[in-house]
Amino acid sequence: MSPLDAPVKRGGAGDGLPVLGAALARLDGVAKLEGSARFALDQPVEGLAHAVLLRATIAAGRVTRIDAAAAEAAPGVLAVLTPDNTAPLAAASSWTGAPPAQPQYRPLDAEIFHHGQQIAAVVAETLEQAQEAARLILVDYEAVPAITGLDDPRAGDGDPIDMLSKSWGDAAAALDKAAVRLTLEYRTPREFNMPIEPHGLIAQWDGEELTLWEPSQWLDGMARTYAEWFGLRFDQVRIVSPYIGGGFGSKALALPHGAVAAMAARQLGRPVKLALTRSQTFTGLGGRPATRQVLEIGATAGGRLLAIRQRGWNETSMNAVSVEPLGSVTGLMYALPNFDSRQNVVPVHTVQPGAKRAPGENPSAFGLESAIDELAHAVGQDPLALRLLNDAEHDHSSGKPWSTRKLREALAAGAVAFGWDRRDPMPRSMRDGHLLIGWGMAAGTYPVRRTAGEALVGILADGSVEVASSTADMGTGAHTILAQTAAEALGLPVERVQVRLGDSRLPRAPVTGGSQMAGLMTGAVHKAALAAREVLIGLALSDPRSPLRGTGANTLRLEGGMLVAPDGTAYDVSAVLKATGRERVEALRDTLAENRLKPEDHYRNFTTVSTMRAPTDGDYSMHSWCAHFVEVAVDEALQTIRLRRVVSAFDSGRLYNPKLAASQWKGGIVMGIGQALLEEGLVDHRHARLMNDNLGDYLLPTNADIPEIEVIDVGEPDPHASALGGKAVGELGIVGVAPAIANALFHATGKRLRSLPLTGQRLAEAG
Amino acid sequence: MSTPRPLTLIVNGEPRALQVEPRTTLLDALRERLDLTGTKKGCDHGQCGACTLHVDGERVLACLTLAQQAEGRRITTIEGLAGPDGTLHAVQKAFLAEDAFQCGYCTPGQIMSAVACIREGHAGSAAEIREFMAGNLCRCGAYPHIVAAVQRAARALEQETLA
Ligand code: FES
Ligand code: FES
């Protein structure tokens, strides 16, 4: 046997191991490895026309004239869409279900709110023809001064978001009395999700039916938006998204370019393909907005936290409010008797920000976990010991007990594996030759969010099983863990389960975001699988020819295509189905009732986030936890910062597939490393223009930037968090990485950087 | 620029005749004309590596290569990597075993780079692999597993050669 074959072996009920929880390879893996997995833009659709977008070259003002004559006359051009020749669409309600502020929506608008806003589209027979024609369009503008970012004096202090105000105790009084008091300001820049698959779609009309092949983290939510834009019924829109080339929060909502593609396809009566260029993925949608937060921390001389007062600001676009909640974890991590947190959003001329992995928790933890390190230094304590000293026995913000919190275990396991006890606490004390070595750590958390799910499970005549849901697998492993769930429930090897996802015609699923997919969809699949088995057993018990007749429903199990009684009597599934004239039995189940919803909430549950439950909805406060330990090496002469190793321990509750969970955690850590050391949207403050709108200048981490990463699982099943005991996985890994690295950098150099990214230049400038 | 010309590309051992404009890239020719969509477009600017394939056995970025430039040369895409009977290449097997991908979008490019990286003799150590795989971005962050997969595949290929 070649060494390649061994670990690929798939577990299964047949070998006596539990299927759910086994470290199986991805079931959708081979298709992706062979190049046969067709992503949305890979779909073979007959008669495609190609569209490209033209963007505004000013950031504020209006388009006064578009001269498209030359473009229209160019070879192969089928249409040029502009604000002048396109009718407005109906405005759609928001993702929360809030009705639109205005009745109409213009995806091609003469009013300009940000640089790079789409203003026209060219559709041609070939991509090359469309690209060439787009260059021939002449645009006149009337520009007005733009607000370029949080630091622009004209931006002001922004608007308070009262919903985010949180307070308990008396933070002001406690701060006044505190023996130790620190006031610290932390900043994060504009960041971009940058999945390697660019955003784009193929739109096709068939009468009043609209089909969209589009990568989607939320098929049902996006289908609703398209339906509202075009005045269609929900079931007249079909979104197909079999695979998603990464999203990280950026592919959950229908975006302006999608509206344009669908408009063009309708106008031409032909399917239209529109892929954003890489540059357009920086301006056609936003990532994490720039943030600023001021933390005032009061503590005893011994390092016990007394109070935190927090003020936060995040930028938003001129025409929409996007919130990056900076107080998400500030009051949650530690025992904190007094807290006061407020946040403003500041409109600037930028594209509407979106959600990038752990929106809120991530920059929130950068502030808090850096500040805790600063406090540890101020009171002369080890940062790990200080965290344990301030450990929270319960959630101080809600007053509720934790469902499970293995943060102490994560801190302990990470510290041992890393060798934290060998750390010399003095900054600049550890060296490797001429390099300064820094060891830093930080903790992180991500909430357990819950929405009801729905799944169909069918048992076929050959004893195999089909699972179907509109949920998405963007690399999270949905195909695999849902097959494992059904296999476990039905006592089958996982090879006997087929999983179909990513089509809005399938049973509904809420947004694949907020790290809720695994918990809620395994619950729905488990429920549907048990229900399908009940139906099958019912048939077997009532079939007069069945040898199982009268043996009792709850003693039968499904094994290798047979229903088997405890005494070994077996009856073929195909015989049961044949005898009752069926090809299959199936059960469609949702978990609305488990989430205290009614059947009439069905549509709202799946097409808005209005039913998503807070982590404190119920008797417990439910969160995942983690601790990161990192080593950096700094060359002061060359101003280089290298990460040398990462050890992280996680409590994500029960893991449905530890191999895939490890990939999610590590992926989060890698994105956190990029955020900490590399990623920054640079704005030209004369023109409010993003200067580094490409992958050569907006630096994503490469393989050469990433050291060895060790991940440790310290979780145990959490019966409150989800039906099968899992908690959040996907977004947890990134939370706390940036502060761990900032803390290591302080340990290495004695210099504290409070603005991301942590670059050699900033280090040099810190004096 | 825009008059299509006839062209024959030898893709995965098969001659494929098509008409493309001189400005058409190899990437667009494969994806839009030949329905070979395994090779992915991530940036169209030579900055991400998603479009990596082999021309005469060497790794090349298809988005920076004109289809015309590849005329008469041997092009291997991800679709042509497995054996004729469908047996996965050692690198593909290793990617599955090590879970060296998540969304799978960068994966064809990673695999084509990895095959070349091993062939070039640059899979000697983890550090060397990181360096010679640095042109292929993976936003899912599968890098540590990609390194492990390249090491595993390099060992397997070495054993195959010895056997
Ligand atoms: S698509 Fe060719 S390098 Fe990115
Ligand atoms: S696997 Fe998603 S980008 Fe690499």
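Strand β29 (residues 640-651) of chain A runs parallel to β32(A), and the two are joined by six bridges; helices (H or I, at least four residues) and strands (E, at least two) are DSSP runs numbered from the N terminus, and two strands count as paired if DSSP finds at least two bridges between them. Within this pair, Ser648(A) has Val711(A) of β32(A) opposite. This is a predicted model, in which local features need pLDDT of at least 70 and side-chain atom pairs count only at pLDDT 80 or more, whereas totals for chains, interfaces and linings use all residues. Residues are numbered from 1 along each chain as its sequence is written, chains are lettered from A and ligands numbered from 1 in the order in which they are written, and side-chain values use heavy atoms, with hydrogens and water left out.

The pair belongs to an open sheet of five strands of chain A, ordered β19-β20-β28-β29-β32, in which the pairing is mixed. Its edges are β19 (430-432) and β32 (708-713) of chain A, and because each has a single partner strand, one side of each is left without a neighbour in the sheet. From one strand to the next the twist averages 30 degrees, where axes are lines fitted to C-alpha atoms (for helices over the stretch in contact) and angles run from 0 to 180 degrees between N-to-C directions. Helix α15 (residues 658-677) of chain A lies across β28 (623-635), β29 and β32 of chain A, and makes an angle of about 130 degrees with β32(A).

Both α15 and β32 of chain A also take part in covering a helix of the other chain: they are among the elements over the buried residues of α5(B), together with α2 (90-98), α3 (107-119) and α4 (126-132) of chain B. Helix α5 (residues 143-162) of chain B has 20 residues, which at 1.5 Å a residue should span 28 Å, and the 29 Å between its end C-alpha atoms agrees with this; the expected span is 1.5 Å times one less than the number of residues. Among the buried residues of α5(B) are Tyr143(B), His145(B), Val147(B), Arg152(B) and Ala156(B), buried meaning under 20% relative accessible area, exposed over 50%, and partly exposed in between (1.4 Å probe, protein chains only).

One of the covering elements, α3(B), has 13 residues and reaches 18 Å from its first C-alpha to its last, close to the 18 Å expected at 1.5 Å a residue. Twelve of the 13 residues of α3(B) are buried, so this helix is largely enclosed by the rest of the structure; the buried set includes Thr107(B), Met112(B), Cys117(B) and Ile118(B). After α3(B) comes Gly121(B), with a positive phi near 80 degrees.

The interface as a whole involves 54 residues from chain B and 62 residues from chain A, contact being heavy atoms within 4.5 Å. The two chains bury about 4900 Å² between them, 56% of it on carbon and sulfur atoms; buried area is the accessible area (1.4 Å probe) that two parts lose on being put together, summed over both. On the chain B side, Leu96(B), Gln102(B) and Arg139(B) lose the most area to chain A, together 18% of what that side buries. Eight salt bridges are found across the interface of chain B and chain A, each defined as a side-chain nitrogen of Lys or Arg within 4 Å of a carboxyl oxygen of Asp or Glu. One salt bridge joins Glu32(B) to Lys273(A), with the closest N and O atoms 2.8 Å apart.

Elsewhere in chain A, strand β13 (residues 209-213) is mostly covered, with four of its five residues buried. Strand β12 (residues 200-206) of chain A runs antiparallel to β13(A) and is joined to it by five bridges, Trp205(A) having Leu210(A) as its bridge partner. β12(A) and β13(A) form a hairpin with two residues between them, and Gly207(A) in the turn has a positive phi of about 65 degrees. β13(A) also pairs in the parallel sense with strand β14 (residues 237-240) of chain A, over four bridges, and there Leu210(A) has Val237(A) as its bridge partner.

A further open sheet of chain A has three strands in the order β24-β25-β26, paired antiparallel. In it, Val564(A) stands opposite Ala570(A) of β26(A).
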